Amino acid sequence: MLNFRIDTFLCVCRNMNFTHAAEELNITQPAVSQHIHYLEKEYGTKLFLQNGKKLELTESGKILFRKMNQMKNDEERLKRELSSSASYRKVSFGVTMTIGEYVISGPVSHYIQGHPDTDFVIHFGNTAELLRDLRDGVIDFALVEGYYPEDVYETILYRSEKFIPVCASSHTFRTKPEKLSDLFSERLLTYKGTGFRHPEHSRTVSCCRKSWNRQFFALHSGRKHAHHHTVSVPGLRNQLSV
C-alpha cells in the first residue's frame, strides 16, 4: 500500500493545482503543501516549480511520478486479480477507432474462441485519451498509431499500413508529391487527439517520411526492460498477430 503522501503527490500531478487536489482529496490546501514538502525533504529534491501561475513538475518530479504511478497501477491491478476467481481472467485494453474497426476484431475473436475463460473490456478513444487511460491504470495496454512519448512506454510494433493522404481532384500542389515530406507545405487536416503529428513536433512520424506507412504500436506502461508485463493473459501477444 502506497504512503498517503504519495496519493497526494499523484493527485497534484493529475490536477497541476494544489487547490484542486485538496478539493479532490477532501483535505485542506495547507495539508497538501505539507505532504509535498515532506516528500521533497524525504527524497532530497524539489518536485514542483511555480512558473508564474503555472505549476510544473521538475525532472525529479517527473521521475517520481512515473515510478509511483506505475506502482499505484500495479497495486490496483493486484487487488483486482486477488479478488477475482482463479479460473477467470479479465483483460482491459484500448484501441483507436481505426484499429478497432479494421485491425483487431479478427485476432480478438480468434483468441476468445481458444480462451473462453477470458473476458475482454475494450476501450475506444483517440491516441491521447488511450495514453491517459494507460497512465491512470484504466487499461492494461493500448494499440495506438502515431505519436507517443517513447521514453515512457514499452512498445512493440504491431503492424504497418499504407498512409494515404487524400485531396480534391482539382487541387494543385506546390510541389509534385513523391514522399510525405513533400506535403509539409500543404494544409494537413486530422481529427483532434489523433496520434499523427507534424514531423517538426514528432520523432515518430519521421519513420513515414520515405515510406508512406502508418505504424500501429502495442504499448504498456511498464519500464523498458521491466521484469513484468501488465498483460496477464499468457500468449495474448502471439495470438494478436497478423
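In the predicted model, the chain has an accessible surface of about 14,900 Å², and carbon and sulfur atoms account for 52% of this area. Of the 242 residues in the chain, 38% are buried. The chain contains eight helices and seven strands. Among contacts with a separation of 6 or more, 72% are between residues 24 or more positions apart.

Two helix pairs were examined. Two packed helices are described by the angle between their axes and by the distance between those axes.

The crossing of α1 past α2 is right-handed. On the α1 side, the contact is formed by Thr 8, Cys 11, Val 12, Arg 14 and Asn 15, and on the α2 side by Phe 18, His 20, Ala 21, Glu 24 and Leu 25. By class, this contact of α1 with α2 comprises five nonpolar, three polar and two charged residues.

The second pair consists of α2 and helix α3 (residues 29-43), which pack at an angle of about 105 degrees with their axes 8 Å apart. The helices α2 and α3 are therefore roughly perpendicular to each other. Here α2 contributes Phe 18, Thr 19 and Ala 22 to the contact, while α3 contributes Gln 29, Val 32, Ser 33 and Ile 36. The contact of α2 with α3 has four nonpolar and three polar residues, and no charged residues.

How values were computed
Residues numbered from 1 in each chain as written. Predicted model: local features only at pLDDT ≥ 70, side-chain atom pairs only at ≥ 80, totals over all residues. Heavy atoms only, no water. Left-handed = near helix turned anticlockwise from the far one by under 90°. Helix = DSSP H or I, 4+ residues; strand = E, 2+ residues; numbered from the N terminus. Contact = heavy atoms within 4.5 Å. Nonpolar A, V, L, I, M, F, W, Y, C, P; charged D, E, K, R; others polar. Axes fitted to C-alpha atoms, helices over the stretch in contact; angles between N-to-C directions. Parallel < 35°, antiparallel > 145°, perpendicular 65-115°, else oblique. Buried < 20%, exposed > 50% of the residue type's maximum accessible area, 1.4 Å probe, protein only. Areas by Shrake-Rupley, 256 points an atom, 1.4 Å probe, with all protein chains shown as cover.
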